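Dear colleague,

Please find below the structure that I am handing over to you.

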Amino acid sequence: MIFGIFAFSSPAFSGTNEQTEQGNFGAQIAGTYLAMPQSADESTRILNLFADGNLASIQSVQFKGEVPPNAFSNQHGTWKSSGDNKAEAIVLSIVYDAATGAFLGTAKSQFDMQFDNTLQTVTVTVKGQVFGPGIDPLNPGNVQPTDEFSHNFQAKRVPVSSSGAVNGGSETAADNSNASAGSQGN
């Protein structure tokens with residue numbers, strides 16, 4: 001049991017020591033980013049980047065088959081630095097038929113991310129492929145994808161704002177969660 005806890009918290013499974021050290025690129029870009037649609041064919045997206053090299057993303061179009069006729073799950077992946085204010089990621093999601101719920105395969109996307117100099121805005125180019133059931137999207141061999149896609153988006157970091165803070169903005173998020181937990185018993 002101790003081995004399992006170590007294995008999943010070790011850098012070999014969640015990123016590298018370099019990414020988690022304070023003051024490095026991973027720590028600097030870690031956070032939540034919001035992409036708002038700039039045109040009718042774009043979706044709203046929430047992108048979470050973690051200092052340990054993991055990422056998660058959710059989109060407004062993914063559940064109802066607005067990418068006809070398919071729907072897809074939240075996206076999860078890993079990223080690494082690829083140069084000055086740049087990162088690349090491999091991102092996976094599950095694809096299914098929106099009408100029947102039938103599993104259609106797994107999508108593998110390549111995210112190329114360019115951050116502005118303040119690390120508050122990221123521009124992302126996405127290229128992806130969908131592979132049918134039973135095909136490893138990380139190593140599909142000679143199997144052709146069932147679908148391909150590409151798009152771009154720009155997202156801004158979600159700041160912690162004093163407008164929603166308690167007691168004049170002097171408490172941190174951790175302070176707020178502790179205060180909320182303590183008031184539940186009253």
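A nonpolar core is understood here as a set of buried Ala, Val, Leu, Ile, Met, Phe, Trp, Tyr and Cys residues joined through side-chain atoms within 4.5 Å. Please note that the model is predicted.

The largest such core has 20 residues, and those with the most contacts inside it are Leu 49, Trp 79, Phe 111, Met 113 and Phe 115. Two or more residues each come from helix H4 (25-29) and from strands S1 (31-35), S2 (45-49), S6 (86-97), S7 (103-115), S8 (121-131) and S9. A second, separate core of five residues includes Val 61, Val 95, Ala 107 and Val 130. In soluble globular proteins, nonpolar side chains tend to be buried together.

As to the overall arrangement, the protein chain comprises five helices and nine strands, in the sequence order α-α-α-α-β-β-β-β-β-β-β-β-β-α. Of its 186 residues, 30% are buried. Among contacts between residues at least 6 apart in sequence, 44% join residues at least 24 apart.

The aromatic residues deserve a separate paragraph. The structure holds four aromatic pairs. One of them, Tyr 33 with Phe 115, is edge-to-face, at 6.1 Å centre to centre and 65 degrees between the planes. Tyr 33 lies in strand S1 and Phe 115 in strand S7, so this pair ties together parts that are 82 residues apart in sequence. Both Tyr 33 and Phe 115 are buried. The pair of Phe 111 and Phe 153 is also edge-to-face, because the ring centres are 6.3 Å apart and the planes stand at 80 degrees. Here the link runs from strand S7, which holds Phe 111, to strand S9, which holds Phe 153, 42 residues apart. Phe 111 has a relative accessible area of 2% and is therefore buried; Phe 153, at 10%, counts as buried too.

Phe 115 also belongs to a cluster that ring pairs form with Phe 25, Tyr 33 and Trp 79. Leaving aside residues up to four places away in sequence, Phe 115 touches Phe 25, Ile 29, Tyr 33, Leu 49, Asn 85, Ala 87, Thr 121 and Val 122.

Leu 34, Met 36, Ile 46, Ile 58, Phe 63 and Val 158 make a nonpolar surface patch of about 480 Å². Val 158 sits in the loop between strand S9 (147-157) and helix H5 (173-183) and is partly exposed, at 43% relative accessible area.

With kind regards

Key
Residues numbered from 1 in each chain as written. Predicted model: local features only at pLDDT ≥ 70, side-chain atom pairs only at ≥ 80, totals over all residues. Heavy atoms only, no water. Patch = residues over 30% accessible without salt bridge, like charges linked within 9 Å, V, L, I, M, F, W, Y side chains within 5 Å. Areas by Shrake-Rupley, 256 points an atom, 1.4 Å probe, with all protein chains shown as cover. Salt bridge = Lys/Arg side-chain N within 4 Å of Asp/Glu carboxyl O. Helix = DSSP H or I, 4+ residues; strand = E, 2+ residues; numbered from the N terminus. Buried < 20%, exposed > 50% of the residue type's maximum accessible area, 1.4 Å probe, protein only. Contact = heavy atoms within 4.5 Å. Phe/Tyr/Trp six-rings, centres within 6.5 Å; stacked < 30°, edge-to-face > 60°.
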